[in-house]
Amino acid sequence: MPQVKPQVRYVRAGAQDAGQRIDNFLIKQLPGVPKSHVYRLVRSGQVRINGGRAKPERKLEEGDEVRIPPVRVAEKGELVRPPDEVLQRLKDSIVHEDAHYLALNKPAGYASHGGSGLAYGVIEAVRAWEAYEFIELCHRLDRDTSGVLLLAKTRAALLRAQRAFQHGHADKRYFALLVGRWKGEAREVDAALLKTRAENGEGFTELDEEDGKPSRSLFTPQARYKDATLCEVEIFSGRTHQIRVHSLALGHPVAGDRKYGEREIHKPLRERGLKRMFLHSHFLKLAADEDFPKLIVSAAMPDELRDFLGTLPAAERR
C-alpha cells in the first residue's frame, strides 16, 4: 500500500494547550520526529501561529491556529508499546495520586521519556495505561536515578509545578552516596553549570561561571563509612546532572557514576556489589499556590541501595 504524502495541517489549540510552548506542542503533534528537526521547522518559519512566525518559546493561547508543515510522523502502528511487565511495575511504583498529580517512586534504569535510542520512557508507559486525558512530566530524573518523579494531570497543575521549580518554591531532597570520607558537616556548593556536548556528541554538564546557569546544592552528611559518605542533598535549582557535577567539584563523586569522575575511584564500591549509581530522590514538597494546596511526596530508598549500605564498614573513629 503506497504511503500517503504528508500534507500541511492546521491544528487549533485547546484549553489544555494554553500556556504550553509551541516547541513542546509540536513534539507531541509530531511523534517520531527528532526534537532537533522540530526546532529547525520553527526557526525556519514553516510553523506559524495565526498566520505569523513563532519563536520556540512562544506560548499558546486557547484558540490559536497552528500551521504544521508537511512532515512524516510515525504511524500509530509504529509506536512502541512498553511491555506489560513495565506498565505493571510502574503502576506498582505509585506513591501519591490526587486530582492534580501522579507521583512515582521511579525505579533506576527507566528514562523519564523516550528518545536518544530509547523506544519509551516513564511518560510513554503512563500514557499507555490510557487512564488520563492529560498527563505530562513536571520534571525529569536521570535514567539511573531512582525516586520521586512528579507528573501533572492537568495543564494548570503542570504550570504550577513548573513555577515552583523555576522560582525556588520547591523543596527537593536526594540521598547520594559519595566516594571518600567527608570532612566536617554540611557544605554548600554555589557554582554555575553549563550543558554542553563532547566531540562524540555525548551530552554532559560542566562548571562554567561565565556562561553557566546559577546552581546551588546543600550536602549534609547522614552516615559515614570507611570509604564513602551518605549525604542528603537539597537542590535549590534543577540543572541537568547538578548533584553529580557539584559533588565531583567537592572531590566526592556520586558512587557508581559512570559519567563523571575517574572510573577507578568507584572500583572498591563496585567490588562490594554496587551495580548502579547511588542517587535517590526521596522527598519533594511544593508550596501552596493559588488554588493548589501544599504537596508533599516521599519515596523510600530501594532495597538494593539500603542493602548495599549494610555491607559497608563504618568509618573509624578518630
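Q: Buried means under 20% relative accessible area, and exposed means over 50%; what share of the 318 residues of the chain counts as buried?
A: The structure is a predicted model, and every value below is computed from it. A residue passes the test for burial when its relative accessible area stays under 20%. Applied to the 318 residues of the chain, this test gives a buried share of 44%.

Q: How many helices and strands does the chain have, and what radius of gyration goes with them?
A: The chain contains eight helices and 16 strands. For 318 residues the globule rule gives 20 Å, and the value for this chain is close to that, so the chain is as compact as a globular protein of that length. The radius of gyration itself is 21 Å.

Q: Which residue forms a salt bridge with Asp23, and is that partner buried, partly exposed or exposed?
A: Asp23 counts as buried because its relative accessibility is 1%. Its side chain meets that of Arg21 in a salt bridge, with 2.6 Å from N to O.

Q: Which residues are joined with Arg173 into one network of salt bridges?
A: One link is the salt bridge between the side chains of Glu232 and Arg173, at 3.3 Å from N to O. Because Glu232 lies in strand β14 (residues 228–235) and Arg173 in strand β9 (residues 170–179), this pair ties together parts that are 59 residues apart in sequence. Salt bridges with shared partners connect Arg173 into one network with Asp171, Glu232 and Glu234.

Q: How many aromatic pairs does a search of the whole structure find, and which residue pairs with Tyr101?
A: The search finds three aromatic pairs. One of them is tilted, with 6.4 Å from centre to centre and 50 degrees between the planes, and it is formed by Tyr101 and Phe292. Tyr101 lies in strand β6 (residues 101–106) and its partner in the loop between β15 and β16, so the pair ties together parts that are 191 residues apart in sequence, and the partner of Tyr101 is Phe292.

Q: Over which ring does the charged end of Arg216 sit?
A: A charge counts as sitting over a ring when CZ of Arg is within 6 Å of the ring centre and within 35 degrees of the ring normal. Elsewhere in the chain, Arg187 lies over the face of Trp182, at 4.9 Å from the ring centre. The charged end of Arg216 is 3.9 Å from the centre of its ring, which belongs to Phe236.

Q: What share of the accessible surface of the chain belongs to carbon and sulfur atoms?
A: The C-alpha atoms fill a box of roughly 70 × 50 × 45 Å along the principal axes. The accessible surface of the chain comes to about 17600 Å², and the share of carbon and sulfur atoms in that area is 47%.

Note on methods:
Residues numbered from 1 in each chain as written. Predicted model: local features only at pLDDT ≥ 70, side-chain atom pairs only at ≥ 80, totals over all residues. Heavy atoms only, no water. Salt bridge = Lys/Arg side-chain N within 4 Å of Asp/Glu carboxyl O. Buried < 20%, exposed > 50% of the residue type's maximum accessible area, 1.4 Å probe, protein only. Helix = DSSP H or I, 4+ residues; strand = E, 2+ residues; numbered from the N terminus. Phe/Tyr/Trp six-rings, centres within 6.5 Å; stacked < 30°, edge-to-face > 60°. Rg over C-alpha atoms; globule rule 2.2 N^0.38 Å. Areas by Shrake-Rupley, 256 points an atom, 1.4 Å probe, with all protein chains shown as cover.
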